[in-house]
Amino acid sequence: MWNLLKKTDARCIKLLDLLEESAAVRHAAAGVEALSEDLPAAELAHLASCAGCREAAEDILATKEIFKHVGPAAAMSRPWFATRVMAAIAVRERELSEVTSAWLAVPRFASRLALASSALLLVASTWLYERPPSAPVKQPAVASSQEYLFEPPPPPTNQDDVLISLAEQNQ
């Protein structure tokens, strides 16, 4: 299995590179024969004669079989610390943005409310200022009436005044 650690010549290294390229292109290879179909005749002869290269080709096939169900690194879920922390931060930011978006409407509503109330105050004050004064309710003038010149004034309407005037009359 560890053919790469053994000392090999340049021809074996070239054959191993070609086998690796062939394995990368093919999705599933049944054996060394299927893997070596596209090789030139000289490399096929070397593969048939060199036991180390045949063993390396079998190792490449075994490695391809082991990793055929493994997806790309980007598609794998990574339960590591940094990934979990970044996901928690994203969730927290989303929660805070929802809360702050609700409070962002308050200043806009407050400014509109202030504008509407100031306009209402201006209209109401203008209307009250320009409204003609209503005629005051006239009280009957007791002393100015001709009838009372020779008659005593009518009794006061306040009960306390009536009692005081009766007490004065009794004295």
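User: On α3, the exposed residues A41, A48 and S49 sit on the face turned away from the buried side of the helix. What makes a residue count as exposed?

Analyst: The model under discussion is predicted. A residue is called exposed when its relative accessible area is over 50%, and A41, A48 and S49 on the outward face of α3 fall in that class.

User: With which residues beyond its close sequence neighbours is E43 in contact?

Analyst: Once neighbours within four places in sequence are set aside, E43 is in contact with K14, L15 and L18.

User: Which residues of α3 are buried, and what makes them line one face of the helix?

Analyst: The buried residues are E43, H46 and L47. Viewed down the axis of α3, they fall within an arc of 100°, and therefore they line one face. As a general point, an α-helix has 3.6 residues a turn, so residues three or four places apart point the same way.

User: What covers the buried residues of α3?

Analyst: The cover includes α1 (10–25), α2 (32–35) and α4 (51–66).

User: How do you know the class of the angle between α3 and α4?

Analyst: α3 and α4 pack at about 95°, and their axes are 5 Å apart. That angle lies in the range of 65 to 115 degrees, so these helices are also roughly perpendicular to each other. Here H46, L47, A48 and S49 of α3 meet A51, C53, R54 and A57 of α4.

User: Which members of the largest nonpolar core touch the most other members?

Analyst: This core has 13 residues, and L15, L19, L35, L47 and C53 touch the most other members. Two or more residues come from each of α1, α2 and α4. One of the residues named, L47, is also on the list of buried residues of α3.

User: Why is P40 called partly exposed?

Analyst: P40 is in the loop between α2 and α3. Its relative accessible area is 44%. Since buried requires under 20% and exposed requires over 50%, P40 belongs in the class between them. P40 and L15 are 25 residues apart in sequence, with their C-alpha atoms 10.0 Å apart in space.

User: What is the secondary structure of the whole protein chain, and what percentage of its residues count as buried?

Analyst: The chain has six helices and zero strands. Of its 171 residues, 13% count as buried. Its accessible surface comes to about 14,700 Å², and carbon and sulfur atoms hold 65% of that area.

Key: Residues numbered from 1 in each chain as written. Predicted model: local features only at pLDDT ≥ 70, side-chain atom pairs only at ≥ 80, totals over all residues. Heavy atoms only, no water. Contact = heavy atoms within 4.5 Å. Buried < 20%, exposed > 50% of the residue type's maximum accessible area, 1.4 Å probe, protein only. Helix = DSSP H or I, 4+ residues; strand = E, 2+ residues; numbered from the N terminus. Arc of directions from axis to C-beta. Core = buried A, V, L, I, M, F, W, Y, C linked by side-chain atoms within 4.5 Å. Areas by Shrake-Rupley, 256 points an atom, 1.4 Å probe, with all protein chains shown as cover. Axes fitted to C-alpha atoms, helices over the stretch in contact; angles between N-to-C directions. Parallel < 35°, antiparallel > 145°, perpendicular 65-115°, else oblique.
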